[in-house]
Amino acid sequence: MGDYQVAGVQQDALGAVQLELGGNPNTLALRRPFDPLAHDLEASFRLTRFADLKGRGCKVPQEVLNKLVEGLQQDYNSAAEHEHAHFMHMAIPRIGIGLDCSVTPLRHGGLCLVQTTDFFYPLVDDPYMMGKIACANVLSDLYAMGVTECDNMLMLLGVSTKMTEKERDVVIPLIMRGFKDSALEAGTTVTGGQTVVNPWCTIGGVATTVCQPNEYIVPDNAVVGDVLVLTKPLGTQVAVNAHQWLDQPERWNRIKLVVSEEDVRKAYHRAMDSMARLNRIASRLMHKYNAHGATDITGFGLLGHAQTLASHQKNEVSFVIHNLPVIAKMAAVAKACGNMFQLLQGHSAETSGGLLICLPREQAAAYCKDIEQQEGYQAWIIGIVEKGNRTARIIDKPRVIEVPAKE
């Protein structure tokens, strides 16, 4: 962990973390929302300002990434051919660059290395919650493959050059504490990583597991008659943006007719809570209820990830989505913005979203009931698997399910 000493973790800053957590870092229920004034920062301090990239809304197109991954897969397959004799005695498929994780057979009897990495810019203004969200987001790809145990994590941290020394010494330890607490919740530890100075603040990591083949679920076995289950509501990007617009009158004026300030604050807290929640229980229950595959919903939105999952299926199937569970009032906000988010079309980015799971029809209701009993949060049956050509679509007028915002 030597790299992290560069990030300005000093005793007074750690004292601020203790203050933030009500004096007990393990009693998260006592935690107060982040207040810049409590840390001697300006009242106007916003962590999200350190993500202010010109043109940042232009994410890399999904089709460009798909081509890149296909090229990498071909390279992997070519290299693997040279190792063919080595793999012949192993009862493990050569998966390589998987849907959400890299799955690599090891030379040590029947084991696989499962790895994933992710990082992004601050999207909420609470540094501790940002750390938790970043960690949950990294782990989510393991969970999407049905891998519920993580053996090790690394943390990747970019400290913004635009931060004052005081801001850095308050914010960075809180982000790190949030990331570490989320890792502990997942039953793993952060044992290293890298910290760099960067024009923007970035936070992410690497998650690694060594497992046996029965511990992961290859996401390619959907059959006609399966149903699609989603384990977290949509609308996080809309909620986060709406919250930022409270400080921007020209933006706020566009949505204030359909939503109150209180509605926006509740939606924002629901979104933060949802993004910081691990998909671990959802993943564990995939094994119990015989899931045929899953993916997690992140930057390419519900439809983007559903299409990618559909394209990986062995059988000639397609996904049809009928229901869209959305954080309360966020569908109306998205509509009032001139549909800039494309929320109901399934293109709105989600961060650390839920799992989209293909389940046998007769198991789905029990899955949803079980996850609600264990987590206290709902999951929804949102669509079906039918015969088709490995595509996904949302019906013309999907049913929007308003998911209550956090009180």
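In helix α6 (236–245), the buried residues are Thr236, Val238, Ala239, Val240, Asn241, Ala242, His243 and Trp245. Buried here means under 20% relative accessible area, exposed means over 50%, and partly exposed is in between, with a 1.4 Å probe and protein chains only. Helices (H or I, at least four residues) and strands (E, at least two) are DSSP runs, numbered from the N terminus. Because eight of the ten residues of α6 are buried, this helix is largely enclosed by the rest of the structure. The cover over its buried residues includes α7, α8 (261–276), β9 and α11, where contact means heavy atoms within 4.5 Å.

The model is a predicted one, in which local features need pLDDT of at least 70 and side-chain atom pairs count only at pLDDT 80 or more, while totals for chains, interfaces and linings use all residues. Residues are numbered from 1 along each chain as its sequence is written, and side-chain values use heavy atoms, with hydrogens and water left out.

Leucine 246 sits in the loop between α6 (236–245) and α7 (249–255). Its relative accessibility is 18%, so leucine 246 counts as buried. Apart from neighbours within four places in sequence, leucine 246 is in contact with Trp252, Glu261, Val264 and Arg265. One of these, valine 264, is 18 residues away along the chain, and the two C-alpha atoms are separated by 8.4 Å.

The protein as a whole has twelve helices and twelve strands. Of its 407 residues, 54% are buried. Among contacts between residues at least 6 apart in sequence, 83% join residues at least 24 apart.

Another enclosed helix is α5 (residues 165–185). Of its 21 residues, 15 are buried, so α5 is largely enclosed by the rest of the structure. The expected span of a helix is 1.5 Å times one less than its number of residues. For the 21 residues of α5 this gives 30 Å, and the end C-alpha atoms are 30 Å apart, which agrees. After α5 comes glycine 187, with a positive phi near 80 degrees.

Most residues other than glycine have a negative phi. Asparagine 290, however, has a positive phi of about 60 degrees. Asparagine 290 lies in the loop between α9 and β8 (293–296), and its relative accessibility of 42% makes it partly exposed. Lysine 329 has a positive phi of about 75 degrees. The loop that holds lysine 329 runs between β9 (317–327) and α11 (330–336), and lysine 329 counts as partly exposed at 33% relative accessibility.

Two packed helices are described by the angle between their axes and the distance between the axes. The axes of α9 (residues 280–288) and α12 (residues 361–375) come within 10 Å and cross at roughly 145 degrees. Axes are lines fitted to C-alpha atoms, for helices over the stretch in contact, and angles run from 0 to 180 degrees between N-to-C directions. From α9, the residues Ile281, Ala282, Leu285, Met286 and Lys288 meet Tyr367, Asp370, Ile371, Gln374 and Glu375 of α12. By class, this contact has six nonpolar, one polar and three charged residues; Ala, Val, Leu, Ile, Met, Phe, Trp, Tyr, Cys and Pro count as nonpolar, Asp, Glu, Lys and Arg as charged, and the others, Gly among them, as polar.

Three further residues can be located in turn. Glycine 301 lies in helix α10 (residues 301–311) and is buried, with a relative accessible area of 0%. Beyond its neighbours within four places in sequence, glycine 301 is in contact with Gly346, His347, Ser348 and Ala349.

Isoleucine 384 belongs to strand β11 (residues 380–387) and is partly exposed, at 26% relative accessibility. Not counting residues up to four places away in sequence, isoleucine 384 touches Asp226, Val227, Leu228, Ser318, Phe319, Val320 and His322. The C-alpha atoms of isoleucine 384 and aspartate 226 are separated by 6.0 Å, although the two are 158 residues apart along the chain.

Aspartate 126 is placed in the loop between β3 (112–120) and α4 (127–144). With 6% relative accessibility, aspartate 126 counts as buried.
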